[in-house]
Amino acid sequence: MDSRTVALIRTTFKAVAAEDGGPEKLARSFYAILFTEHPQVRDFFPAALDAQRDRLVKAIAYAVDRLEEPNKLLPFLAQLGRDHRKYGVVAEHYSAVATSLKAAMKAYAGTELWTDEVERAWDAGLGVIADTMISAAEQESTPPVWTGVVVEHREVLRNLAVVRLKLDQPMQYAPGQYMSVQIPSRPRMWRYLSPAIPANPSGEIEFHIRGVTGGWVSPAMVGHTRVGEQWLIGSPLGGLGVPRNTRRKMLMVGCGTGIAPLRAQLMAMTQRRSNPKVDVFVGGHYPCDLYDLETLSQLACENKWLTVTPVTESDENPWWVFGDSEAPEKELPGLQPRQVGQIGKIVAGYGSWADRDVQIVGSPSMVQTTKFRLMAAGMPTANIRHDPLF
């Protein structure tokens, strides 16, 4: 697309998104039009659309911001196209989505902003998106969805569990990627999880899951998963991962279950002959949130290139943690002394880390706060990677 087309698309989307409640109104309007004009697609979506609406707007914003960066946008769209096969989506559905999204944009942009030229620009942009996703889906030879049988469910904390599954066939994914997951008690309510172990020929996969208060799916995953039940898993997504030929030193920052995709990468790196220096900061609100320190301790002891620093915002555990709250914290070899404070501030306090490739994984607020603190300390933005939808 030429620069004029990109500018028109970006200007109209930003104008709508800048209005009070604009993104939510746009998403609501889009789904209302889609389900009214094409009622047959309603079965692809869950009854509650809150999470779906939020992710839709973020995906559109990500695409709009990268219309002039095809090296980033096209792989992202191709991954989405492969993932959408799990819904049974075909080419005609993309046309329905494009028509409905354009109608929603036109309704909120108004006649002054929405001209014939703007409409042609959106036709071109949506055409690129649809064609890329359709082509990737049609060329893919892997299954549209994998079935995984739960072989282990271990509650680590009252709101956090480790779930291990055996897939019906091995899945190839890069350590650091994530995938959509559906559990039997929540049909059509897909949630995104990152494997905590690298891909393996035996088809085993492990997820670390924190239950979100008031959430529809994650509390069921944590509290009600049973060994033997079957989960559905979509195609791998995301661009995190350590390039095999990298020699640049790395900085990894993860909070809570955000350590899972980082741990998977570290485990994969141990199989290489040599690695660059890697500094990992793993954080949580309380010491008990650092649930995987024993694994990280073992990795740090066995690999001199790895340094692990625990960080917590509080120096003590909450009242609801079982066990003797007065017992001294277990010391693990190979770890740096635990620091207390906000993880982004502590990491940035070491300096700019300008010679590092950086990965940040955690909640959206944690990712953005840490990113901005590192940038303020002198870290080039191009060196920082995180989930594209944050």
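Reader: Let's start in the sheet. Which residue stands opposite V282 in β8?
Author: That's G254. Keep in mind that we're looking at a predicted model.

Reader: And how do β7 and β8 pair, and over how many bridges?
Author: Strand β7, residues 249–255, pairs with β8 in the parallel sense, over six bridges.

Reader: What does the chain make out of β7, α8 and β8?
Author: A right-handed β-α-β unit, with helix α8 covering residues 259–269. The chain then goes from β8 through helix α9, residues 293–302, to β9, and that β-α-β crossover is right-handed too.

Reader: OK, what about the pairing of β8 and β9?
Author: Parallel again, over seven bridges, with β9 spanning residues 306–312. Within that pair, F281 stands opposite T309 in β9.

Reader: Which residues are on which side?
Author: V278, V280, V282 and G284 are on one side, D279, F281 and G283 are on the other, and all of them are buried, so both faces are covered. As background, side chains in a regular strand alternate between the two faces of the sheet.

Reader: Zooming out, what's the strand order in the open sheet?
Author: Six strands, in the order β10-β9-β8-β7-β11-β12, with parallel pairing. The edges are β10 (339–340) and β12 (384–385), and each of those pairs on one side only.

Reader: How many bridges join β11 to β12?
Author: Two, and the strands run parallel. Q359 has R385 in β12 as its bridge partner.

Reader: Back to α8. How many of its residues are buried?
Author: Nine of the eleven, so α8 is largely enclosed by the rest of the structure. The buried ones are I259, A260, P261, L262, R263, A264, Q265, L266 and M269.

Reader: There's an arginine in that list. What do the buried residues of α8 pack against?
Author: As a group, the buried residues of α8 pack against β5 (204–210), β7, β8, α9, β9 and β11.

Reader: How accessible is R188?
Author: Its relative accessibility is 35%, so R188 counts as partly exposed.

Reader: And W353, what's its phi and where does it lie?
Author: W353 has a positive phi of about 55°, although it is not a glycine. W353 lies in the loop between α10 (343–348) and β11 (356–361).

Reader: Is W353 buried or exposed?
Author: Buried, because its relative accessibility is 10% and the cut-off for buried is under 20%.

Reader: What about S218? Where is it, and what does it touch?
Author: S218 is in helix α7, residues 218–224. Leaving out residues up to four places away in sequence, S218 touches I209, R210, G211 and V212. S218 is buried, with a relative accessible area of 14%.

Reader: Now the whole thing. How is the chain divided into domains?
Author: Into domain 1 (3–139), domain 2 (146–237) and domain 3 (249–385). The centres of domain 1 and domain 3, taken over C-alpha atoms, are 36 Å apart.

Reader: How many helices and strands are there?
Author: Eleven helices and twelve strands. The radius of gyration is 22 Å, close to the 21 Å that the globule rule gives for 390 residues, so the chain is as compact as a globular protein of that length.

Reader: And what box do the C-alpha atoms fill?
Author: Roughly 70 × 50 × 45 Å, along the principal axes.

Reader: Last one: what share of the residues is buried?
Author: Buried residues make up 49% of the 390. On contacts, counting those between residues at least 6 apart in sequence, 76% join residues at least 24 apart.

Conventions
Residues are numbered from 1 along each chain as its sequence is written. This is a predicted model: local features need pLDDT of at least 70, side-chain atom pairs count only at pLDDT 80 or more; totals for chains, interfaces and linings use all residues. Side-chain values use heavy atoms; hydrogens and water are left out. Buried means under 20% relative accessible area, exposed over 50%, partly exposed in between (1.4 Å probe, protein chains only). Helices (H or I, at least four residues) and strands (E, at least two) are DSSP runs, numbered from the N terminus. Two strands pair if DSSP finds at least two bridges between them. A crossover is right-handed if, with the strands pointing away from the viewer, the path from the first strand over the helix to the second runs clockwise. Domain bounds come from an automatic or database domain assignment. The radius of gyration is taken over C-alpha atoms; the globule rule is 2.2 Å times the number of residues to the power 0.38. Contact means heavy atoms within 4.5 Å.
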